[in-house]
Amino acid sequence: MISVRNLYHSYSNDDKYAVKDVSFEVKEGEVFGFLGPSGAGKSTTQNILTGLLQLQKGEVAVAGYNIKKIDNRMFNEIGMSFEESNLYGKMTAKENLDFYRKLFDVETRDSMDLIRIVGLQGKENIRTKEFSKGMKHRLTFARSMINNPRIWFLDEPTTGLDPAIASEIKDIIREENKKGVTVFLTTHNMYIADELCDRVAFIVDGEIRLIDSPKSLKLAYGDKLVDVEYIKDGKVLKETFSTVMEEDKQRLIRVIGSHDIQTMHTKEATLEEIFIKVTGRGLV
Ligand SMILES: Nc1ncnc2c1ncn2[C@@H]1O[C@H](COP(=O)(O)OP(=O)(O)OP(=O)(O)O)[C@@H](O)[C@H]1O
């Protein structure tokens, strides 16, 4: 659905690259995460893919369209939600969506349905300049679904939202993905990347350092340890066992066989820890 080969971008038109030799493929139906700290080149890449920035160097195809020369039909097939909401402040929420619907020449979704999906019912007749940042974000997110996109570009879809609303937004992304929508998600939030993405690309200083599924990364970079809490002589004891060293494995079997186990957890590396190990940088 998305193919990027040897993409470069320089804002100063010299050899200072914001994006440098970036290559990746996103398959149909996949949730692909672009994970990196501020200034890594995530928005630059997304803006090239969505036609907002002119392609300078490299080969990019989105939904079968070559980005070198934008074909306007591509915009019928993609949806974009930005971190900064760009709504018309003088228009109400419903008017904003009704206006946006007219820009497409494919079937669009009902404005009120979308308003309900993002929990803004009752607010449809309020001008969006009166909206809070979170409400504007939700409306921009709703607007990005209006043309039933096959590919959905989401830039920091849950940033700045309270946890309950962020959770609803994640559920909506999962539901749309289940219907077959391919998702390209840019974020510096490793939790959302971990929860939603089939594969993630780690990007730092404009370069991709690694692409893999969160699960494989955890297996490859996890410490292979298990924390066990068990009861001995009426007291709760806590021990950590290696799941690869033979001596520890035997001891773990003995503890399980002869004591009451209270809790047992494998120690998985978080995506953030893996990111730091691989790139030597944090995600902030
Ligand atoms: N319009 C611009 N003009 C000049 N330089 C820019 C412009 N936009 C971005 N940059 C620079 O390009 C680099 C990559 O920025 P980009 O916005 O793509 O990163 P990002 O990963 O999306 O960061 P953030 O998470 O903060 O949005 C940064 O060094 C940034 O300062």
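1. An open sheet of three strands runs in the order β12-β11-β13 with antiparallel pairing, where strands are DSSP runs of E of at least two residues and helices are runs of H or I of at least four, both numbered from the N terminus, and where two strands pair if DSSP finds at least two bridges between them. The edges are taken by β12 (235-242) and β13 (260-266), each of which has a single partner strand, so one side of each is left without a neighbour in the sheet. From one strand to the next the twist averages 20°, with axes fitted as lines to C-alpha atoms (for helices over the stretch in contact) and angles running from 0 to 180 degrees between N-to-C directions. Between β11 (residues 225-232) and β13 the antiparallel pairing extends over six bridges, and D227 has H265 in β13 as its bridge partner.

2. The coordinates are those of a predicted model, in which local features need pLDDT of at least 70 and side-chain atom pairs count only at pLDDT 80 or more, while totals for chains, interfaces and linings use all residues. Residue numbers start from 1 along each chain as its sequence is written.

3. For the protein as a whole, nine helices and 13 strands are assigned, and the C-alpha trace spans about 70 × 50 × 30 Å along its principal axes. Of the 284 residues, 34% are buried, a residue being buried if 20 or more other C-beta atoms, placed from the backbone, lie within 10 Å of its own, exposed if 12 or fewer do, and partly exposed in between.

4. A second topic is the open sheet of four strands, ordered β2-β1-β4-β5 with antiparallel pairing; its edge strands, β2 (19-26) and β5 (65-66), each pair on one side only. Strand β1 (residues 2-9) is joined to β2 in the antiparallel sense by five bridges, and V4 stands opposite F24 in β2. Helix α1 (residues 42-49) packs on this sheet, touching β1, β2 and β4 (57-62), and its direction makes about 120° with that of β1; contact here requires C-beta atoms, placed from the backbone, within 7 Å.

5. Where does I67 lie, and is I67 buried or exposed? The residue sits in the loop between β5 and β6 (78-81), and I67 counts as buried because 23 C-beta neighbours fall inside 10 Å. Leaving aside neighbours within four places in sequence, the contacts of I67 are I48, L49, G51, L55, V60, A61 and V62. I67 and V4 are 63 residues apart in sequence, with a C-alpha to C-alpha distance of 10.0 Å.

6. In helix α2 (residues 93-101), the residues A93, N96, L97 and Y100 are buried. They cover an arc of only 90° around the axis, which puts them on the same side of α2; the arc is that of the directions from the helix axis to the C-beta atoms. The cover over these buried residues includes α3 (111-117) and α4 (133-143).

7. The largest nonpolar core has 60 residues, and V183 and L185 have the most contacts inside it; such a core is a set of buried Ala, Val, Leu, Ile, Met, Phe, Trp, Tyr and Cys residues joined through C-beta atoms within 7 Å. Strand β9 (residues 199-204) supplies the largest share of this core, five residues. Not counting residues up to four places away in sequence, V183 touches V31, F32, W152, L154, I173 and N177.

Notes:
Two residues are in contact if their C-beta atoms, placed from the backbone, lie within 7 Å.
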